[in-house]
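Visitor: Hi, I've got a structure open and would like to talk it through. Can you walk me around?

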Amino acid sequence: MNIILSFDFIYQMQNLKNFLPNAYEQDLTSMESVKSYCDLGSANALRKIWNSFSVNGLHFLGSGNYHYLSLFFLEKINHPFSLLVFDHHTDMQPSIFPELLSCGSWILTSLETLKTLKEVLLINVGKESLEGTKKTSFTENNFSVFSETSQILKCHYHKKDTILPITILKEEAKDKNWKKLYQDYLHYPIFLSIDKDVLSKEELETDWDQGSMSFIDLKTACKQLLDYSFPLGIDICGEGMESSDFSRSLKINREFIQLFQTVFPSSF
């Protein structure tokens with residue numbers, strides 16, 4: 001089930017539905033308390049909407065402010081799985097307001113609440129975000145660093161009698177061997193989440209600070225993932241919010257659609 005979520009008409013301005021005609025388009029423009037932070041009432045309202053959604057498929061979430069929506073898809077997975085995320089940020093920062101789910105805390109919330117999540121691989125995380133997470137989550141929560149090099153950080157999240165491995169590939173890592181990364185760190189069915197803020201501003205300007213990855217590199221990484229394993233589901237966020245970026249953002253979305261249609265042929 002391919003899904004286009006509309007909070008701010010960005011996909012209508014891109015005319016994305018023309019390129020994903022079988023997608024279900026959900027109008028969420030009337031939702032309140034959902035941008036960046038989501039309160040309990042809004043989260044419960046969204047979960048009711050998610051009852052009719054399938055994990056399997058390509059899901060367009062909107063800007064990076066709505067990346068926390070990935071959690072609602074993960075909550076629907078009833079068997080052990082791996083989470084693969086391309087993002088300039090760790091999204092493991094404790095929420096400023098503990099009662100609120102946020103775009104910067106959703107992976108931490110997933111680790112805390114999901115019994116089926118068994119491991120996380122984060123790709124191309126920026127230095128500032130990683131250092132910030134070390135100073136907050138790694139000191140305030142149940143994390144322990146297993147090892148760290150100039151290219152990769154391996155840590156554990158401790159939950160009762162369970163230890164969940166988390167691997168973070170740093171943005172400055174060179175000569176990435178995607179196939180080996182997947183083989184070494186992803187051992188269960190995979191859910192793929194992509195925030196386009198992992199890309200450089202030469203590719204697209206999002207509404208968050210960004211990384212340095214080229215779209216060619218991101219596409220290569222995704223192609224090699226498909227050679228390794230078809231994901232359970234895929235979500236994409238990080239839309240360019242300025243009108244000057246609509247065409248660039250649409251071009252990237254169209255390439256994702258073309259690439260991933262082989263994963264969910266019945267949805268296209």
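Guide: Happy to, and let's begin with the aromatic rings: the count comes to 15 aromatic pairs. Keep in mind that this is a predicted model.

Visitor: What kind of aromatic pair do Y11 and F60 form?

Guide: Y11 and F60 make an edge-to-face pair, with 5.8 Å centre to centre and 70° between the planes. Y11 sits in helix α1 (residues 10-14) and F60 in strand β4 (residues 58-62), so the pair links distant parts of the chain, 49 residues apart.

Visitor: Are those two buried or exposed?

Guide: Y11 is buried, and F60 is buried as well.

Visitor: And how are the rings of F86 and W178 arranged?

Guide: That pair is tilted, at 6.1 Å centre to centre and 50° between the planes. Because F86 belongs to strand β5 (residues 81-86) and W178 to helix α7 (residues 178-185), the pair ties together parts 92 residues apart in sequence.

Visitor: Why do F86 and W178 count as buried?

Guide: The cut-off for buried is under 20% relative accessible area. F86 has a relative accessible area of 0%, so F86 is buried. W178 has 7%, so W178 is buried too.

Visitor: Which residues do ring pairs link into a cluster?

Guide: The cluster is made of Y24, W50, F53, Y68, F72 and F73, linked by ring pairs.

Visitor: Let's switch to helices. How do α8 and α9 pack?

Guide: Helix α8 (residues 215-228) packs with helix α9 (residues 246-260) at an angle of about 15°, and their axes are 11 Å apart. Angles under 35 degrees count as roughly parallel, and therefore α8 is roughly parallel to α9.

Visitor: What's the handedness of the crossing where α8 passes α9?

Guide: The crossing of α8 and α9 is right-handed.

Visitor: Which residues make that contact?

Guide: From α8 there are F215, L218, K219, C222, K223 and L226, and from α9 there are I252, E255, F256, L259 and F260.

Visitor: While we're on α9, where is S249, and what does S249 touch?

Guide: S249 lies in helix α9. Leaving out residues up to four places away in sequence, S249 touches Q14, K196, L204, E239 and G240. S249 counts as buried because its relative accessibility is 0%.

Visitor: Let's hop to M1. Where is M1 placed?

Guide: M1 is in the segment before β1 (3-6). At 28% relative accessibility, M1 counts as partly exposed.

Visitor: Which residues does M1 touch?

Guide: M1 touches Y24, S52, F53, S54, N56, G57, L58, H59 and S267, if we leave out residues up to four places away in sequence. Y24 and F53 also belong to the ring cluster we talked about.

Visitor: And how far apart are M1 and D207?

Guide: C-alpha to C-alpha, M1 and D207 are 28 Å apart in space, and in sequence they are 206 residues apart.

Visitor: One last topic, the backbone. What is phi of F9 near?

Guide: Phi of F9 is near 70°, a positive value in a residue other than glycine. For context, most residues other than glycine have a negative phi. F9 lies in the loop between β1 and α1, and with 45% relative accessibility F9 counts as partly exposed.

Visitor: What about phi of S33, and where is S33 found?

Guide: Phi of S33 is near 55°, again a positive value in a residue other than glycine. S33 is found in the loop between β2 (24-27) and β3 (37-38). S33 counts as partly exposed, at 42% relative accessibility.

Visitor: Thanks, that helps!

How values were computed:
Residues numbered from 1 in each chain as written. Predicted model: local features only at pLDDT ≥ 70, side-chain atom pairs only at ≥ 80, totals over all residues. Heavy atoms only, no water. Axes fitted to C-alpha atoms, helices over the stretch in contact; angles between N-to-C directions. Helix = DSSP H or I, 4+ residues; strand = E, 2+ residues; numbered from the N terminus. Parallel < 35°, antiparallel > 145°, perpendicular 65-115°, else oblique. Left-handed = near helix turned anticlockwise from the far one by under 90°. Contact = heavy atoms within 4.5 Å. Phe/Tyr/Trp six-rings, centres within 6.5 Å; stacked < 30°, edge-to-face > 60°. Buried < 20%, exposed > 50% of the residue type's maximum accessible area, 1.4 Å probe, protein only.
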